[in-house]
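Subject: Handover of a structure, with notes

Dear colleague,

Please find below the structure that I am handing over to you. My notes on it follow directly after it.

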Amino acid sequence: MRALVGDDRLHYLGFSYGTYLGATYAGLFPSRVGRMVLDGAGDPTIEDDRRFLDPAHGYQVAWEAFAADCASRPGCPVGRSAAEAGRVLDALVARLDRNPRREGKDVALTGDDLLRIVLTALKKPAWGELRLALGEVVASAGDSAALQRLSAAQEDAVADVGFTAVSCLSAALGPVFTPARAEALVPAFRRASPQFGAYYSALLTTCAHWPVGPARAFPAPPTAPILVVGTLRDPATPYSWAQALTRLFPSARLLTWDGDGHTAYLQPGSACVDAVVDRYLLGGGLPPAGTVCP
């Protein structure tokens with residue numbers, strides 16, 4: 001990309017897995033790093049089960065934030081507290097596993113499908129759509145427009161087997177990780193995330209069978225200043241990962257968004273983040289250390 005546009009250094013804006021790619025480039029070619037923004041940052045040094053345990057907990061935090069907001073609104077379909085919302089979601093998943101909901105002639109909605117829909121909505125975030133979709137499931141019949149919209153979104157996001165390959169290859173599980181060890185970790189996943197722990201531990205089991213090992217150790221030499229953006233309640237790439245990536249590179253500066261959903265730049269309500277990122281990309285000026293955007 002750098003050669004094609006004729007730049008001496010690579011100016012780069014990466015989101016989510018794009019932060020892993022950007023950090024890898026910085027590690028391999030530190031003298032070629034220009035103005036680099038890594039938003040929704042992954043921790044490229046993360047090892048073992050934390051690759052999946054951290055997001056499981058992150059989605060639990062996001063679910064409880066959604067549940068608290070939902071409880072403050074009339075007609076919330078999952079109850080009046082985070083604890084009640086968790087019980088309602090668990091009951092809906094169990095019910096759909098016993099009796100999948102028919103959506104047309106060839107489509108059946110299972111408990112796992114509902115979990116994936118909830119995860120997709122929390123990631124966006126799309127709390128209004130999620131309230132409507134959960135209301136449709138609770139009602140068991142009638143309109144399912146919101147459910148179908150979120151279902152289409154989650155199919156676009158996670159249906160590709162490439163998602164599994166990327167997850168396993170960046171997990172650094174190590175040669176001693178076995179299916180038996182993955183199974184033994186299921187209780188820890190359930191404790192970290194009562195609603196999503198079992199779902200994420202299944203990914204862990206899949207990676208224990210993955211036939212290719214993870215990438216090599218990650219170098220982090222000195223580079224030009226890098227701007228890392230972390231969202232406090234990002235479920236997919238938890239805020240602790242943005243902190244870890246910032247510590248990894250000596251020149252990195254962390255910009256924090258006190259927000260919800262996955263990534264911050266150009267998201268609704270992130271005008272402060274947009275201004276800081278634009279200022280850096282266009283002129284190279286980093287925000288003061290410790291900057292938090294409301």
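Proline 125 sits in the loop between α5 and α6 (127–139); helices are DSSP runs of H or I with at least four residues, strands are runs of E with at least two, and both are numbered from the N terminus. The peptide bond that leads from lysine 124 to proline 125 is cis, with omega near -15°. Most peptide bonds are trans, and most residues other than glycine have a negative phi.

Please note that this is a predicted model, in which local features need pLDDT of at least 70 and side-chain atom pairs count only at pLDDT 80 or more, while totals for chains, interfaces and linings use all residues. Residues are numbered from 1 along each chain as its sequence is written, and side-chain values use heavy atoms, with hydrogens and water left out.

Positive phi values

Threonine 263 is placed in the loop between β6 (252–260) and α13, and its phi is near 75°, a positive value in a residue other than glycine. Leucine 266 also lies in the loop between β6 and α13, with a positive phi near 65°. Are these residues buried or exposed? Threonine 263 counts as buried because its relative accessibility is 8%, whereas leucine 266, at 60%, counts as exposed. The cut-offs are as follows: buried means under 20% relative accessible area, exposed means over 50%, and partly exposed lies in between (1.4 Å probe, protein chains only).

The disulfides

How many disulfides does the structure hold? It holds two, where a disulfide is a pair of cysteine sulfur atoms within 2.5 Å.

One of them is formed by cysteine 70 and cysteine 76, with their sulfur atoms 2.0 Å apart. This link is right-handed, with 115° about the S-S bond. Cysteine 70 has 0% relative accessibility and therefore counts as buried. Cysteine 76, at 11%, counts as buried too.

The other joins cysteine 272 to cysteine 293, with an S to S distance of 1.9 Å. This disulfide is left-handed because the torsion about its S-S bond is about -65°. The pair links distant parts of the chain, 21 residues apart: cysteine 272 belongs to helix α13 (residues 271–283) and cysteine 293 to strand β7 (residues 292–293). Cysteine 272 counts as partly exposed, since its relative accessibility is 30%. Cysteine 293, in contrast, is buried, with a relative accessible area of 0%.

Threonine 19 lies in helix α2 (residues 17–28) and counts as buried at 0% relative accessibility. Which residues is threonine 19 in contact with, leaving aside its neighbours within four places in sequence? They are Gly14, Leu38, Asp39, Gly40, Ala41 and Gly42; contact means heavy atoms within 4.5 Å.

Aspartate 113 is found in helix α5 (residues 111–123), and its relative accessibility of 15% makes it count as buried.

Alanine 202 belongs to helix α11 (residues 197–208). At 42% relative accessibility, alanine 202 counts as partly exposed. Between the C-alpha atoms of alanine 202 and arginine 253, which are 51 residues apart along the chain, the separation is 35 Å.

The chain as a whole

The chain has 13 helices and seven strands. Its C-alpha atoms fill a box of roughly 60 × 45 × 35 Å, taken along the principal axes. Why does a radius of gyration of 20 Å agree with a compact globule? A compact globule with 294 residues would have a radius near 19 Å, and the 20 Å of the chain agrees with that; the radius is taken over C-alpha atoms, and the globule rule is 2.2 Å times the number of residues to the power 0.38.

Buried residues make up 48% of the 294 residues in the chain. Of the contacts in the chain with a separation of 6 or more, 70% are accounted for by residues 24 or more positions apart. The chain exposes about 13,600 Å², of which carbon and sulfur atoms supply 58%; accessible areas come from the Shrake-Rupley method with a 1.4 Å probe, and for residues only the protein chains shown count as cover.

Yours sincerely,
A colleague
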